[in-house]
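Morning, everyone. I will go through one structure, and I will start with a question about a single side chain. Please have a look at the screen.

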Amino acid sequence: MVPAATTVGGYLQSLPNDRRVAMARVCSMIRRSARGVRESMRFGLAFYELDGPIFAVESHEKSLILYLAEKSVIDDFEGKIKHINPDRCCIEFPDLNCLPLDVVEKVVRASLASRRARKGQEMPTQADLVALWGISEKDAEAAPPIVRITIPREEDQQ
């Protein structure tokens, strides 16, 4: 089952607080740094497009993953950034409390420059990228809802 949220804002509201804050920071930075890029929700990811998909962001329980469409950018940053996966064309940020937004911004700007330099060339399709990134419908299933159980205090019962 794909998450019910149809907008990135709606998706952010459905996340637990720690993941919401981390994801909101990255999405906000992308919107500021990548003017002209369209934002949407697909496959349980925040997709960003400029002449086709350019990158996507996914929130996991303990990490955040930035998927890139521009393989040349991954090649440029390989060895400079920890947790980069050139096979899946993504960067994983395992610590939500210490997201290196400056690094994410450099990668986003480099992706935009690479995409704009490719004007007129064939761009990867969404299907190509989803296959490259290893995203399946099972991966896009909604996380179980957060259930809060309140236990009344003794003084409340009296």
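Is Trp-133 buried or exposed? Trp-133 is buried, because its relative accessibility is 0%; buried means under 20% relative accessible area, exposed means over 50%, and partly exposed is in between, with a 1.4 Å probe and protein chains only.

Two notes on the source. This is a predicted model, where local features need pLDDT of at least 70, side-chain atom pairs count only at pLDDT 80 or more, and totals for chains, interfaces and linings use all residues. Residues are numbered from 1 along each chain as its sequence is written, and side-chain values use heavy atoms, with hydrogens and water left out.

Now the aromatic rings. Searching the whole structure gives four aromatic pairs. Rings of Phe, Tyr and Trp (its six-membered ring) pair if their centres lie within 6.5 Å; planes under 30 degrees apart are stacked, over 60 edge-to-face, and the rest tilted. One of the pairs is Phe-47 with Trp-133, which is tilted, at 5.9 Å centre to centre and 50° between the planes. Phe-47 lies in strand β2 (residues 45-49) and Trp-133 in helix α5 (residues 126-133), so this pair links distant parts of the chain, 86 residues apart. Helices (H or I, at least four residues) and strands (E, at least two) are DSSP runs, numbered from the N terminus. Phe-47 is also buried, at 0%.

Phe-47 and Trp-133 belong to one aromatic cluster with Phe-43 and Tyr-67.

Six strands make an open sheet in the order β1-β2-β3-β4-β6-β5, with antiparallel pairing. Two strands pair if DSSP finds at least two bridges between them. The edge strands, β1 (38-42) and β5 (84-85), each pair on one side only. Strand β4 (residues 64-68) is joined to strand β6 (residues 90-93) by four bridges, and Ile-65 stands opposite Glu-92 in β6.
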